[in-house]
Amino acid sequence: MRFINFEYPKNQNQDRPFQIFAALLHRTMGDFTEQLLFAASLKEMFPSARLDVYYKPDRPYKPEIVSFSPQVDSSWPTNNRFPIDLFDTAGMRPVTGPEIWHGSGCDSPNLILTPSMSTRELLGTFSRLARFRLPEREKWESALLQATNDGSYCVLHYREGGYQYSYKGDYRNIGTDQIEPIIDFVLNQKVNVVRIGHPEMTPLLPRHGFVDLSGEPFMLQACAISRARFFLELSPSGPSALANAFGIPMLRANAIILSGPATVDSIVLRRPVLDPTGKEVNGQSIAKEFPKELHVGKENGYALGFNSIEQIEACAAEMIRSTSNVIGWRELCEDTCQIGAATTIEWPMSTIARH
């Protein structure tokens, strides 16, 4: 018997793109958007790649957010369970998907991304962060122009009761008594304010330079974010994730986590943690828990306070100063954004906080 050495041909998969499948399993807007942004950014690290995403259309904004990402090659929404057996490529597979699923190679990805692999804390680790683009941009910008003219503005959002999909109680909700003074402060700095949110948000006093888009179409609100000078979040909620995706710096006030932004001009102002005597816990002690959420309650004797109006105004003033070059609407940032020097990543990825 004569043995012959066999070698695989070099570059045999040269014509096949690096295939990524992202299981977008989260329900909330922020988590869902951040995982999609992670997958889109990872795709752009390869010279030739394909991105397929799965999601359950259980929130009205999910198809629209996916449409913002030009990096997505194909999406697979279904209200049914997504069987892991669809990735079986051997003979006699127990589950067969649509012909296009197998024909486009979706059943044999090079990488499958789960939510735990695609967290918000990792967005700052990318050297280049993908950018979302608004479909039918001219249509929505025309509507935005009617509401704001073309002046410089920040987008305001915060969490309050009444939202249909709220969860985890009301500890992130804040009242209008904490909102109105901040609006006046920003307006006095010659920066207009555009509020976004759900239709049930509490009406605010009318002011010159204040525009209320809460309750308007989601696409119009997203358009407002994409052109904003900065994003002003007075209590943590999902829409701030879109600021990352459009390249908009943000101020996250009353934050319960120390992560979120993926841009160097952004600021996180955490909520104070009070010990059983009412004294604030040292910030460095809290930072050691980064990026864990600050879970406190009666059972451990600690409580969460709120940022003072003065603290928020000081941070808002810094955001206004650092974005002073934005005179009118912010120029679109549709190209991939360079935020570091590295061209490769390690897996598992390390966490880099750039804000």
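**Backbone, helices and sheets**

At 51% relative accessibility, Glu-136 counts as exposed; here exposed means over 50% relative accessible area, buried under 20%, and partly exposed in between, with a 1.4 Å probe and protein chains only. This is a predicted model, in which local features need pLDDT of at least 70, side-chain atom pairs count only at pLDDT 80 or more, and totals for chains, interfaces and linings use all residues. Residues are numbered from 1 along each chain as its sequence is written, and side-chain values use heavy atoms, with hydrogens and water left out.

Let me stay with Glu-136 for a moment. Its phi is near 55°, a positive value in a residue other than glycine. Glu-136 sits in the loop between strand E5 (128-129) and H4. Helices (H or I, at least four residues) and strands (E, at least two) are DSSP runs, numbered from the N terminus.

Where is Met-92 found? Met-92 belongs to the loop between E3 and helix H3 (99-103). Its phi is also positive, at about 60°, although Met-92 is not a glycine. With a relative accessible area of 86%, Met-92 is exposed.

One further backbone feature concerns a proline. The peptide bond from Trp-347 to Pro-348 is cis, with omega near 5°. Pro-348 lies in the segment after strand E14 (337-338).

I turn now to the chain as a whole. The chain contains nine helices and 14 strands. Of its 355 residues, 48% are buried. Among contacts between residues at least 6 apart in sequence, 68% join residues at least 24 apart, where contact means heavy atoms within 4.5 Å.

Next, a pair of helices. Two packed helices are described by the angle between their axes and the distance between the axes. Helix H4 (residues 137-148) packs against helix H6 (residues 218-226) at an angle of about 75°, and their axes are 9 Å apart. H4 is therefore roughly perpendicular to H6. Axes are lines fitted to C-alpha atoms, for helices over the stretch in contact, and angles run from 0 to 180 degrees between N-to-C directions. Angles of 65 to 115 degrees count as roughly perpendicular, under 35 as roughly parallel, over 145 as roughly antiparallel and the rest as oblique.

Which residues of H4 and H6 meet? From H4 come Trp-140, Glu-141, Ala-143 and Leu-144, and from H6 come Met-219, Leu-220, Cys-223 and Ala-224. By class, the contact of H4 with H6 has seven nonpolar, no polar and one charged residues. In this scheme Ala, Val, Leu, Ile, Met, Phe, Trp, Tyr, Cys and Pro count as nonpolar, Asp, Glu, Lys and Arg as charged, and the others, Gly among them, as polar. H6 is itself mostly covered, with nine of its nine residues buried; among them are Phe-218, Gln-221 and Ser-226.

Asn-149 is exposed, at a relative accessible area of 54%. Leaving aside residues up to four places away in sequence, Asn-149 touches Leu-144 and Trp-329. The C-alpha atoms of Asn-149 and Gly-328 are separated by 9.3 Å, although the two residues are 179 apart along the chain.

I come to the strands. Strands of a sheet pair through backbone hydrogen bonds, either parallel or antiparallel. Two strands are taken to pair if DSSP finds at least two bridges between them. Strand E1 (residues 18-24) is joined to E4 in the parallel sense over three bridges, and Phe-21 stands opposite Ile-112 in E4.

Finally, which strand is joined to E9 by three bridges? Strand E9 (residues 230-233) runs parallel to E10, and Glu-233 stands opposite Arg-252 in E10. E10 (residues 250-255) is mostly covered, with six of its six residues buried. E10 also pairs in the parallel sense with strand E11 (residues 267-270), over three bridges. There, Leu-251 has Ile-267 in E11 as its bridge partner.
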